[in-house]
Amino acid sequence: MSSSTATARRLSAAALAAAAIVGAVALPASAADHARPDRPKVEISAVQYDSPGRDDRSRRSLNKEWVELTNTTRRTVNLDGWTLKDEDGHTYTFNHYRLDGRATVRIHTGEGRDTDSDLYMDRRNYVWDNYSDTATLRNDHGRFIDDASWGGHRHGGGRHH
């Protein structure tokens, strides 16, 4: 094999390697151009698990125990069929509710009249444990969306609010 043939092969190999590197670097940029739009993001933004004052199971006391959800996007999110659940299995299911973009809704434990900014579980007992619990939000397909934990929670993961 002549030295000119060997040099040509080396140059060809180097060109192919350079093209592969350029292609690999360019791929993420082109993939990012065609990325799916962000899905609406709803998060647990605050929890009042220990209602202020005496725990006397009055309507007023029960309604001072709540979980807040915030839609961090500009788009309205349909929460119909979504669930909010504690570690003991107490579950609130959203029924025909849409959370506007950049809006917050407070879900109270007790009884009351639902509005755009306040929903009621209509329970006569406290849901959220004062010492240790986790509030878990799932969508209408049962997929995990967010959670918030406090105290020595029994389940792993979660953020503390």
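**Reading the model**

Guide: Let us begin with one residue. At 19% relative accessibility, threonine 83 counts as buried, because the cut-off for buried is under 20%. Please bear in mind that this is a predicted model.

Visitor: Where is threonine 83 found, and which residues does threonine 83 touch?

Guide: Threonine 83 is found in strand S4, which covers residues 83–85. Leaving aside residues up to four places away in sequence, threonine 83 touches Thr91, Tyr92, Thr93, Phe94, Thr136, Leu137 and Arg138.

Visitor: How should I read a sheet, and in what order do the strands of the open sheet lie?

Guide: Strands of a sheet pair through backbone hydrogen bonds, in either a parallel or an antiparallel sense. Here an open sheet of four strands has the order S1-S2-S7-S8, and its pairing is mixed. Strand S1 (42–48) and strand S8 (118–120) are the edge strands, each pairing on one side only. From one strand to the next, the twist averages 25°.

Visitor: In which sense do S1 and S2 pair, and over how many bridges?

Guide: S1 and strand S2 (residues 66–71) pair in the antiparallel sense over six bridges. Within this pair, alanine 46 stands opposite glutamate 68 in S2.

Visitor: Which residue takes a positive phi in the hairpin of S9 and S10?

Guide: Glycine 142 does, with a phi near 80°; this hairpin has five residues between the strands. Strand S9 (residues 132–138) and strand S10 (residues 144–151) pair in the antiparallel sense over seven bridges, and serine 132 stands opposite glycine 151 in S10.

Visitor: Which residues of the largest nonpolar core touch the most other members?

Guide: Of its 24 residues, they are Ile44, Leu69, Leu79, Leu84, Phe94 and Ile107. S1, S2, strand S7 (104–108), S9 and S10 each supply at least two residues of this core, and the largest share, three residues, comes from S1. As for leucine 84, its contacts beyond four places in sequence include Ile44, Val67, Phe94, Ile107, Met121 and Trp128.

Visitor: Is asparagine 63 buried or exposed?

Guide: Asparagine 63 is buried, since its relative accessible area is 14% and the limit is under 20%. Asparagine 63 lies in helix H2 (residues 59–63). Not counting residues up to four places away in sequence, asparagine 63 touches His108, Thr109, Gly110, Glu111 and Tyr120.

How values were computed. Residues are numbered from 1 along each chain as its sequence is written. This is a predicted model: local features need pLDDT of at least 70, side-chain atom pairs count only at pLDDT 80 or more; totals for chains, interfaces and linings use all residues. Side-chain values use heavy atoms; hydrogens and water are left out. Two strands pair if DSSP finds at least two bridges between them. Axes are lines fitted to C-alpha atoms, for helices over the stretch in contact, and angles run from 0 to 180 degrees between N-to-C directions. A nonpolar core is a set of buried Ala, Val, Leu, Ile, Met, Phe, Trp, Tyr and Cys residues joined through side-chain atoms within 4.5 Å. Buried means under 20% relative accessible area, exposed over 50%, partly exposed in between (1.4 Å probe, protein chains only). Contact means heavy atoms within 4.5 Å.
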